[in-house]
Each structure stands twice: as C-alpha cells, then as structure tokens.
Amino acid sequence: MRKLIAIALLGLLSTPLMAAECATTIEGSDAMQFNQKTITVPKTCKTFKVTLKHTGKLPVTAMGHNWVLSHSADEAGVIADGMKAGAANSYEKPGDARIIAHTKLIGGGESDTATIDVAKLKAGEQYAYFCTFPGHAALMKGTLSLGK
C-alpha cells in the first residue's frame, strides 16, 4: 500500500514539470528591457502561456508594459495602430486580428498572462513580441518561433 501511495505522489509531483515546458515568464523593467530576446514554443503544446512580470516600481501611467505577439511583418502596423488606440485600450487596437496573443498593460510589481493557441503558429514563420507602450518597442522586443 505504501508503495502505491508513493508512486501516486511521484506521479502528481511530476505533472507540473511536464506542464512547465508549455509556459514561460518574461520580465519587463523600469529600464525598458525584457529579460528574454527569444522564445521557442514546443510544437507538442496545445497552448503556451507567457506571463509578463513587471519587475520595476513605476506606475502603469509612467512605465507601463505589455507583451504583444504578432507576425514580424505586422509589428510596425500593430504598434502604430496601438498608439492611436491609446492607454485606455492598453495601446492595442481593439479587435486587431494581427495580434496573436497579448497581456494587458501593467505597472511595477504587477503581472499578467497571455495564452497562445499553438495551432495558430506555423513552423518556419517569423513572429515578434514587443511592448506597445509608446516608445518601448524600440528596446522591448524579441522573437518567437515554433520548435520541433
């Protein structure tokens, strides 16, 4: 009986480890930097979660960050339309079909999570992630790809 319980407990403990490969945490700071420049999503994942953690102290109005994913070719348009949409819309055009996934705009000490439907990603295509707060995308950006 004890062995059975031990085996069951080991099975429960290993579950989060397997799920962890379908998620990552990226940090944004008051220095307008993401701590990761690349993300590879395993194609075995059905969904992939990206948690944005704002490690700074400044409020959302002064140094807000979000995490937005689009095709690389759409990055400039998403940013430009996001500027027009304004802070009330987290600097994202409402209903923008070019945005594959995104977090809300957050301030220092806050976090938010975006969920990517991995079926929407294609191997060999170039994806970009960036912060759409005005002026931030110049420094706060990276690339995402679908792995093997």
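Predicted model: local features only at pLDDT ≥ 70, side-chain atom pairs only at ≥ 80, totals over all residues.
How many aromatic pairs does the count come to in this structure?

Residues are numbered from 1 along each chain as its sequence is written, and side-chain values use heavy atoms, with hydrogens and water left out.

**Exercise 1. Aromatic rings**

Task: Give the count of aromatic pairs, then describe the pair of Y91 and F133.

Solution: 

Step 1. Start with the rule: rings of Phe, Tyr and Trp (its six-membered ring) pair if their centres lie within 6.5 Å; planes under 30 degrees apart count as stacked, over 60 as edge-to-face and the rest as tilted. By this rule the count is three aromatic pairs.

Step 2. The ring centres of Y91 and F133 are 5.4 Å apart and the planes stand at 70°, so this pair is edge-to-face.

Step 3. Now place the two residues. Y91 sits in the loop between α3 and β5, and F133 in the loop between β7 (127-130) and β8 (141-146), so the pair ties together parts 42 residues apart in sequence. Helices (H or I, at least four residues) and strands (E, at least two) are DSSP runs, numbered from the N terminus.

Step 4. Check the accessibility, where buried means under 20% relative accessible area, exposed over 50%, and partly exposed in between (1.4 Å probe, protein chains only). Y91 is buried at 13%, and F133 is buried at 11%.

Step 5. Look for a cluster as well: F34, W67 and Y129 form one.

**Exercise 2. A network of charges**

Task: Find the salt bridges and trace how their residues are linked.

Solution: 

Step 1. Recall the idea: side chains of opposite charge can pair when their charged atoms come close. Here, a salt bridge is a side-chain nitrogen of Lys or Arg within 4 Å of a carboxyl oxygen of Asp or Glu. The structure has three of them.

Step 2. Begin at D81 and K84, whose closest N and O atoms are 3.8 Å apart. Both residues belong to helix α3 (residues 75-85) and are three residues apart, about one turn of the helix. D81 is buried at 19% relative accessible area, whereas K84 is exposed at 69%.

Step 3. Move on to D81 and R98, where the closest N and O atoms are 2.6 Å apart. This pair links distant parts of the chain, with D81 in helix α3 and R98 in the loop between α3 and β5 (101-102), 17 residues apart. R98 is partly exposed, at 25% relative accessibility.

Step 4. Finish with R98 and D96: the closest N and O atoms of this salt bridge are 2.8 Å apart. D96 is buried, with a relative accessible area of 9%.

**Exercise 3. The disulfide**

Task: Which cysteines form a disulfide, and how far apart are their sulfur atoms?

Solution: 

Step 1. A disulfide is a covalent bond between the sulfur atoms of two cysteines. The cut-off is a pair of cysteine sulfur atoms within 2.5 Å, and a search of the whole structure finds one disulfide.

Step 2. The partners are C22 and C45, with sulfur atoms 2.0 Å apart. The angle about the S-S bond is -90°, and the link is left-handed.

Step 3. C22 lies in the loop between α1 (2-20) and β1 (23-28), and C45 in the loop between β2 (38-41) and β3 (47-54), so to speak of this pair is to speak of distant parts of the chain, 23 residues apart. Both cysteines, C22 and C45, are buried.
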